[in-house]
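Please consult the sequence and the model shown here.

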Number of protein chains: 2
Amino acid sequence: MAITNGTTNGTHNVPSKRYQAVFSSENIPSSEFQQRIEKVRNGVKAAGLAGLISFGDCWRGANVCYFTEFRPLDGVSDIANAIFFLGADTEPMLFVSKQCVHYASEVTTFDVFSFDEMRSKLEAFSKERTGTLALAGEAYIPEDLHRRIKAAIGNLRLEPHPVLAEIKAVKSEHEIALIRKASYLTDQAMEAIKEALADGQPHTERELALLADQRMLAGGAERTAYDSMVQTGYRSAFNLARPTDRVVQPGDLVMTDIGARYRGYCADGGRGFIYKTEQADARKKEIVRAAADAVEAGLAHGKPGMTASELNGFMQQALVKSGYEQYSSEARGHGTGHGTGMDPEEEAPWIGPGNKTVLRENMVFTLKATITVPDVGGLRTERIVRVTSTGLEALDVYPMELYW
Amino acid sequence: MAITNGTTNGTHNVPSKRYQAVFSSENIPSSEFQQRIEKVRNGVKAAGLAGLISFGDCWRGANVCYFTEFRPLDGVSDIANAIFFLGADTEPMLFVSKQCVHYASEVTTFDVFSFDEMRSKLEAFSKERTGTLALAGEAYIPEDLHRRIKAAIGNLRLEPHPVLAEIKAVKSEHEIALIRKASYLTDQAMEAIKEALADGQPHTERELALLADQRMLAGGAERTAYDSMVQTGYRSAFNLARPTDRVVQPGDLVMTDIGARYRGYCADGGRGFIYKTEQADARKKEIVRAAADAVEAGLAHGKPGMTASELNGFMQQALVKSGYEQYSSEARGHGTGHGTGMDPEEEAPWIGPGNKTVLRENMVFTLKATITVPDVGGLRTERIVRVTSTGLEALDVYPMELYW
């Protein structure tokens, strides 16, 4: 591990020279960040765009972290935000809170400025150009920041565009290694839940979620990729919910949706458990089986060259055939998977009806099947997969059918 | 613990009746949520407003969680968002993702609707009214959601307004008990860092942060309130940064900024450690002392009836007197504290120059002093305090000067 003590020029707001960041060999190397910038620049040019404005925040950082090790901090102020800006014909710039400029400069291979400087930089760019700037992160960019960007870009248009999402959907070897590690840690956390359920003691949803989180951290996760969901009994029939103090009861279905984050990369996994299966209604085993069968159908049929819509079709049909159409949003055409990487959910590829995106080697995404039957229970079976040269490889290995 | 199995009407999107939520006695009781709604309604009326539109997301939930146990889930889609709407003369409504309606209905004492229904509900309200809707969460409401609200409210104006922030700045007994617990868990995590530094083994920033997080979870924290910051050596002179693989070196200053979340309530704490003080430059002890003195000045002088600006003055002057004005943003008038509660940072009260907010009993906020000297190091000493009937009570107890 190379440790270099950097120096500054003595001013405290903007360092004049970049620190040498302290990286482990597991981190994304700076050469890869540079390759990504070139790839995106080429994509921007090919699409006839004037440039890219890419928003990321502390929690949905992928649109910024694709270009730099920097990730904003938590907060209600501008420390949570970052804007990556790349003109088709200019060097990239990163805009962050004044309070984060030192840190960002240390870990970024190109120039970093504070938000205070964003207006003049964007005005200078827009004065001599026409056309459209692609916007990434349009679903969550704050209104305040969006307004300030619009005010600075003059006659340039700012429009949501998939150029970045499509490029970053294909992962590098480095990225896949990190997602694989995060998936391993998520499997370990599933095992922690199973161990607790098997110990014969009463456990609340909160306790089960906490045990999962602790197992992830014990394995070296930097945190959970998202707040863990563990729902038992009637609450397992809620599509998405936070854990409560409800104590798991014999015969309950247990829905889990958990994922670890490891050095910036995420996993996203779901399994359904039946607690004390011998006391469970037979329908509950059927629900677990039906969800597993749907994901199996995806794993069996997915391959490069196929469209996302075709892959979705195999899983959706399996769910419809199982008879749970009424109780499964995936069976009703809401999509059976999503991209995963630096955020637990990334925009591309969305595995859903009508999406003509062609699956390519090293795309990474989830395959999922949710079944929620009111008063009975439910689960989401969700796996994380990589497109190989011939099919799909699951990056997590935890079994999909769990009775004991 | 009362455990009630709810029932549904058999449809899977919107339950016709509310579930009985499973609460521990530590959670905020539903009667308190109802009191809060009345208090805010009265504030809205007193300010001559037509109503309140309050935005919260998964990570900055206070503006919504003040009214309901519901907190949105992590995600890049609308599952991360929630809108609380209260007309001056109408019952409150909560708008959430369709996928979260079951969960939100279970834990909310008033009606829950999906975002799909927001437009018609707001249109119906705005048709018969004039005036201004207060907006809470204006710094981070997504542009997309803001635009949809604007399109639905006709001639009503939508303007940022502090009515909610000012009311929720004063905490209840229940809230203070939970913040006290979160502060205790944060103290425990500080001790975990100290123990590691004292064990004589090499530790990276990442390891120290992980140990802090693990200690919080071991004590029952539901998660960290924000991603833990641990910066060593030259990196301790960065105002805000994420931990890296840098190994702490003898004589280093170690900046920490960490906080636990316990049942929805947050702590926020900072301490500076010197690793192997005997090998440290004498200036480093002076830095630690100066930050502690500034916070002590705030603790000694703060009391109800004083303005936030006056309290800030005591701390700011202490920092200026210590000679670190050039190296301390608090000394330069950027504020020496912020509200804390359901988010690690809440809007009110901001302890800063010019803020005429009068401190009132049971306001909870941090007192902080950051000193960052390039090439030497830095720290942030940050305590969490409650206004009592006569002064300030620190809710955390960990020492501010740590040499060994």
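The sections below treat the basis of the model, a sheet and a cavity.

## Basis

The model is predicted: local features need pLDDT of at least 70, side-chain atom pairs count only at pLDDT 80 or more, and totals for chains, interfaces and linings use all residues. Residues are numbered from 1 along each chain as its sequence is written, chains are lettered from A and ligands numbered from 1 in the order in which they are written, and side-chain values use heavy atoms, without hydrogens and water.

## The sheet

Chain A holds an open sheet of 6 strands in the order β4-β3-β2-β1-β5-β6, with mixed pairing. Strands (E, at least two residues) and helices (H or I, at least four) are DSSP runs, numbered from the N terminus; two strands pair if DSSP finds at least two bridges between them. Because β4 (111-114) and β6 (157-160) of chain A each have a single partner strand, one side of each is left without a neighbour in the sheet.

Strands β2 (residues 81-87) and β3 (residues 93-96) of chain A pair in the antiparallel sense over 4 bridges. Within β3(A), Met93(A) stands opposite Phe85(A).

## The cavity

A search of the whole structure finds 1 cavity of 30 Å³ or more. A cavity is a set of points on a 1 Å grid over the protein atoms alone where a 1.4 Å probe fits but cannot get out, and lining residues have an atom within 4 Å of a point. The largest cavity has a volume of about 40 Å³, a volume being the space filled by probe spheres set on the points, which are joined across faces, edges and corners.

Helix α7(A) gives the most to this lining, with 4 residues. Residues lining the largest cavity include Ser183(A), Asp268(A) and Ile384(A).

Definitions and conventions
On a 1 Å grid over the protein atoms alone, a cavity is a set of points where a 1.4 Å probe fits but cannot get out, and a pocket is an open set with protein on both sides within 12 Å along at least five of seven lines; lining residues have an atom within 4 Å of a point.
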